[in-house]
Amino acid sequence: MSSLSATIQDVFNEPGCGKNANKTEAERKKGCTKQLQPGGAAGGCAFDGAKIALQPFTDVAHLVHGPIACEGNSWDNRGSASSGSDLWRRSFTTDMNETDIVFGGEKRLYKAIREVIEKYDPPAIFVYQTCVPAMIGDDINAVCKAAATKFGKPVIPVNSPGFVGPKNLGNKLAGEALLEHVIGTEEPDYTTPYDINIIGEYNLAGEFWQIKPLLDELGIRILSCISGDGKYRELAYSHRARAAMMVCSKAMINVARKMEERYGIPFFEGSFYGIQDSSDSLREIARMLIERGAPAELMERTEAVIAREEAKAWAAIERFKPRFKDKKVLLITGGVKSWSVVAALQEAGLEIVGTSVKKSTKEDKERIKELMGQDAHMIEDMTPREMYKMLKDASADIMLSGGKSQFVALKAAMPWLDINQERCHGYMGYIGMVKLMEEIDKALYNPMWAQLRKPAPWDDAGVNWQTKAMAQMDAQAAEIAADPVRAEEVRRAKKICHCKTVDLGTIEDAIAAHGLSTVDGVKEHTNASGGCGACKGRVEDILAAQPAPVLQAAE
Amino acid sequence: MAIVTTSKKACSVNPLKMSQPIGGSFAFMGLRGAMPLLHGSQGCTSFGLTLFVRHFKEAVPMQTTAMSEVATVLGGYENVELAILNIYNRTKPEIIGINSTGVTETKGDDVEGFIRLIRQKHAQLEKLPLVYVSTPDFKDAFQDGWEKTVARMVEVLVDPVEAGTAHDPTRVNVLPGCHLTPGDLDELRTIIEDFGLKPSFLPDLAGSLDGHIPDEFTPTTIGGIGVDEIATMGQAGWTIAVGAQMKRAAEAMQQKTGVPFRLFERLCGLIPNDEFIAFLSEISGRPVPAKYRRQRGQLADAMLDTHFHIGGRKLAIGAEPDLLFDLSSMLHEMGAEVAAAVTTTLSPVLERVKAQEVLIGDLEDLEDLAKARGCDLLITHSHGRQAASRLKIPFYRAGFPMFDRLGAGHQMSVGYRGTRDLIFDLANLVVADREDNHQATPDTWRTTDAGLQVVPPQLH
C-alpha cells in the first residue's frame with residue numbers, strides 16, 4: 001500500500017496532464033499545488049475536492065473521519081441528482097472530540113463503520129481522512145482494512161486530508177483511491193459492445209439526464225458514471241467498458257489515463273456544454289465504440305440523432321436572435337465550459353466582451369480556455385471596487401460567472417446568471433443550451449432593473465456607491481499618474497502569474513538580469529507560468545516588449 | 001425538569017452541530033470593517049464561508065492562514081504574520097478577528113504570543129485591533145464559539161471605566177446571542193429607540209448582513225458596530241443580554257466597566273416580552289408607547305386564533321440551546337407538547353426546557369425520536385429537510401443555516417410582532433398540511449388512529 005506522499009507524488013507525475021508534462025523535474029516535485037497565500041486565499045481544501053469528486057456515488061455511505069467542522073459545516077451542499085438511493089445525501093462523521101485527539105480516533109472510526117453498516121447496510125463505505133486525525137497519526141488504511149475483513153464489505157480509505165493542498169489535488173487523490181481499491185474488483189453480469197464510462201461528470205441539477213436519453217436511444221450503455229448518479233457496483237466493474245469519455249475537466253484525468261493503461265480502455269476529453277461540443281462528443285463516443293468492435297452502422301444512427309437534435313436546438317435558439325441583437329455578455333468562468341458556451345452564445349447573436357474573444361474558430365479553443373481561466377483566477381483576487389470597474393468598463397448588458405462576483409454585479413443592478421456548480425438549472429446538452437438562452441433572456445428583459453437603477457427620491461441621481469467607487473478609482477489613478485516613482489511601482493506590481501504570485505517587475509528584472517528570451521527561461525527564474533500556465537501569453541507579450549538582450553549587452 | 005443526555009453513538013449521522021470557529025467568525029462579522037480570519041487549513045474557512053454565503057446570499061468576508069501540512073507541523077507563526085500583513089495591505093480593515101481551529105489547536109500554536117511578536121516587528125500594525133479567540137473544532141459548538149468571541153471582544157475592545165464614573169442612562173448595550181437574525185436585531189433596535197434609549201449592539205449583524213446595498217463597497221464587512229463605539233460601551237447605563245450564552249460577555253462588561261446587566265433568556269412569546277417592555281419602561285422612565293400596547297393586543301389575538309392549530313401539536317425540535325429553549329418554551333406555552341428535543345452543546349437552560357428529555361445529538365436522533373413519538377411538527381435548520389420529507393410532517397426552518405429558502409436574514413422571532421408573525425407562519429404550515437395530507441374521507445375514522453380504536457367488548 002502506497003503512502004500518502006507517494007500517491008501525491010504520483011499524481012504530480014501525471015503524464016496525461018499537459019501542464020505537468022511541460023514542467024521540469026524539480027517543478028513536478030513541487031507539484032501543482034498553488035502557492036497558497038495566507039490572508040489572500042480562496043477555495044477549498046484537498047478533502048473538499050475528494051468529497052466533491054466521490055459524493056455523487058449515490059448508494060455509498062460517505063463517512064468523514066474528523067472533528068465536526070469538516071462535515072458538520074459542509075454537508076448536503078451539492079446539487080448532484082440521484083435516480084435511486086438517497087444515502088449519499090446523508091451525512092456520516094466521527095465528530096472527533098478532545099478525548100479522541102489525546103488517545104487517537106481509530107477506535108471511534110472502527111465503531112462508526114460498524115454503526116453505519118448495522119443501520120444502513122450500504123454496498124460500500126468511503127472513509128475520508130481529514131487534517132486532525134492525519135496529524136495525530138490515525139491510520140485509516142489499517143482501520144478500513146480491518147473493518148472490511150470483519151464486516152465483509154468494501155470499506156474504502158480516501159486519503160486526502162485538507163492541508164495537503166487545494167481542491168483539485170483532492171479530486172485526483174479521490175481518483176487514486178478508486179483505482180487502488182475499487183475499480184476492477186467486481187464483474188458485470190453481461191457486457192455489450194456499446195459500454196462506455198463517463199468520467200468526471202457529477203450530474204449537477206440532474207443535467208446529465210439531458211444527454212442520457214440520447215445515449216439510450218442509440219443503444220449506448222453507460223457502464224459506469226464516475227461519479228454522477230453512480231453506484232458502487234457499477235464503479236467496481238467499470239474496467240469492462242469499451243471506451244471512456246472524460247468530461248472536459250482535468251479533475252479525474254488520472255482515472256481516465258490509468259484505466260487506459262491498465263485495462264486498455266481508450267478515452268477522449270469532451271464536453272456536453274454547447275451544441276457543437278455535444279455533437280462532437282456523441283460522434284467521438286460512436287467512433288471509439290466502432291473502433292473497439294461495435295457495428296459501423298452506429299455512426300449513421302448517431303449522425304441522424306445529431307442532425308435531428310441540432311436542428312431542433314437551432315430552431316429554438318432562433319427566436320432569441322432579435323432580442324439578443326447588440327447585447328453584450330461578460331463571461332467569466334474557469335476553463336471547463338467556456339469554449340462551448342462562447343460558441344453557443346455567439347450563435348444566438350450575443351457579443352462576448354471582457355475577454356479578447358472574437359468570433360472564434362476551433363483552433364482558438366485552447367486559447368479561449370486559457371484566457372477565461374486566467375480571468376477566473378483574476379476575479380478571485382479583485383476587490384469589489386475593482387470588480388465593479390471591470391463590469392463598468394466592459395459595458396456589458398449581462399454577466400455570466402460564478403463565485404463572489406455575483407454580489408457585486410447584482411448590487412450594481414446588473415443582470416447576472418450563475419453558470420457554476422451551485423446553479424439550479426441544467427445547461428447540458430442541446431436542451432441545456434436553449435435553457436441557458438431562456439435564462440439570459442429572462443434576466444436581460446426583467447422590468448425590475450429599470451426600477452432598481454432609479455435613485456431613491458431623497459438621493460441625488462448619480463451619487464451612489466457605484467459612482468463613488470469609480471471616483472475613488474479615478475482619484476487613485478490620477479494620484480499615481482502624478483507621481484512617476486509611484487506610477488512605476490504600481491506598473492511593476494501588476495500581477496502577471498496569479499498561481500505563483502509573480503509580478504511584472506520580478507519578470508522584467510529576471511529578463512534583464514539573465515538575458516531571457518523564452519517563456520521557459522522566465523519560468524525557470526521566476527516561477528511565472530509554472531502553475532496553470534494560463535499567463536504564458538502575457539509573459540510572451542512582456543518578452544516581446546523588452547529591448548533585445550543582445551543590444552543591451554553591446555551597450 | 002428535562003433530563004439532559006448525550007448521544008452514545010460513535011458516528012454522528014446528519015449533524016445538527018456546526019463548529020465553534022465559524023461561530024466565532026460569525027461574531028466578528030457584526031463589527032464594521034472587520035475581517036474574520038481562521039487560523040487553519042484553507043478548507044476550514046472555505047466551508048464556513050460557503051455556509052454563510054448560502055444562508056445570507058451576500059458576499060461574506062472571511063480569510064484563512066492557509067496552513068499547509070508542513071506549516072501545521074512546524075507551527076504557524078509565519079502564516080499568521082503573512083495573513084495579517086496581507087489583509088492589512090489589501091483590505092485596510094478596522095479590525096482582524098482571529099479564531100483557531102482543530103488543526104492549529106492540535107499542534108498547540110500560541111497565537112497570542114505570535115500576535116505580540118508580529119506587533120513588535122511591524123510598527124504599522126500598532127493601532128490595528130487584533131482579537132484572538134481559541135476555538136478548537138473538536139470541542140463545543142457554533143454557539144460556544146460566538147459566546148467566547150463576544151466575551152473576548154468585551155475584554156479586549158471596551159475601554160475600562162473607573163469606579164464612581166457617571167454612566168449615561170440613555171445608552172444601552174445589547175449583547176445578542178447568535179440565534180437572533182439581522183431582522184431580530186433591527187426589531188430590538190426599534191423597540192429600544194422607541195423608549196428614547198440609544199442602543200449599541202455587540203455584535204451588530206443587522207449592520208453588515210441585512211442585505212443592504214452599501215454606500216461604499218469594501219472587501220471587509222460593510223457595516224456593523226465600529227471599534228470606536230465598542231470602546232465607549234462602558235459608559236452605558238445598562239447592558240441587555242439576550243440568550244443565556246451572552247451571560248459571559250455581560251459579566252465581562254460589568255466587571256470591566258461596572259455596567260449592570262439584565263439577562264433575557266427569551267424574547268419570543270407574550271410573557272418574556274412583557275418583561276422586556278416593562279424593563280425598558282423602567283430604565284427609561286417612560287410609559288410604554290401606544291404602539292406596543294397595540295402590538296401586545298395583536299399578539300394576544302394571534303394566540304387566540306392560532307391555538308386551535310398549535311395546541312396539542314407534538315413538536316420535534318433540533319436547535320442550539322438558546323434557540324431551542326426560546327422556541328420550545330413559547331410553543332409549550334401555546335399548548336404544544338415538546339416531544340423530541342435535540343441540541344448541540346451543554347447549557348444551563350437545557351434542564352429548563354419543557355420536555356422529558358433533551359438529547360445532545362444529531363438530526364438522525366431527532367428523526368428517530370420524531371418517528372417513534374409520532375411528532376407532527378418539525379423545527380430545525382435547513383439540514384432537517386431530508387428528515388422532514390421522510391417524516392412527511394410540516395417543517396418550519398429556524399436557526400442557522402437556512403440555505404434552501406430565501407430571506408433567512410429577515411425571519412423574526414423577537415418582540416410581540418415577531419412572535420405574532422412566527423405563530424401565524426407555524427399555524428399556516430399546520431393548516432396547509434391538514435388540507436394537503438389529512439383530508440377526511442368516509443373511511444378515515446376506520447383506517448387511521450384519527451378515530452377511536454375499536455375495542456371489542458369483553459366479558460370478565
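Reply: Chain A has 28 helices and 14 strands, where helices (H or I, at least four residues) and strands (E, at least two) are DSSP runs numbered from the N terminus. This is a predicted model, in which local features need pLDDT of at least 70, side-chain atom pairs count only at pLDDT 80 or more, and totals for chains, interfaces and linings use all residues. Residues are numbered from 1 along each chain as its sequence is written, while chains are lettered from A and ligands numbered from 1 in the order in which they are written.

Me: What percentage of the residues of chain A count as buried?
Reply: A residue is buried if 20 or more other C-beta atoms lie within 10 Å of its own, exposed if 12 or fewer, and partly exposed in between, with C-beta atoms placed from the backbone. Of the 555 residues of chain A, the share that counts as buried is 50%.

Me: How far apart are the end C-alpha atoms of helix α9 of chain A?
Reply: The expected span of a helix is 1.5 Å times one less than its number of residues. Helix α9 of chain A has twelve residues (140–151) and should therefore span 16 Å, which agrees with the separation of its end C-alpha atoms, 16 Å.

Me: Within what arc do the buried residues of α9(A) fall?
Reply: The buried residues of α9(A) are I140(A), V143(A), C144(A) and A147(A). The arc is taken over the directions from the helix axis to the C-beta atoms. Seen down the axis, the buried residues of α9(A) line one face of the helix, because they fall within an arc of 95°.

Me: Is V431(B) buried, exposed or partly exposed?
Reply: V431(B) lies in helix α17 of chain B, and its C-alpha atom is separated by 9.4 Å from that of P394(B), 37 residues apart along the chain. Because V431(B) has 14 C-beta neighbours inside 10 Å, it counts as partly exposed.
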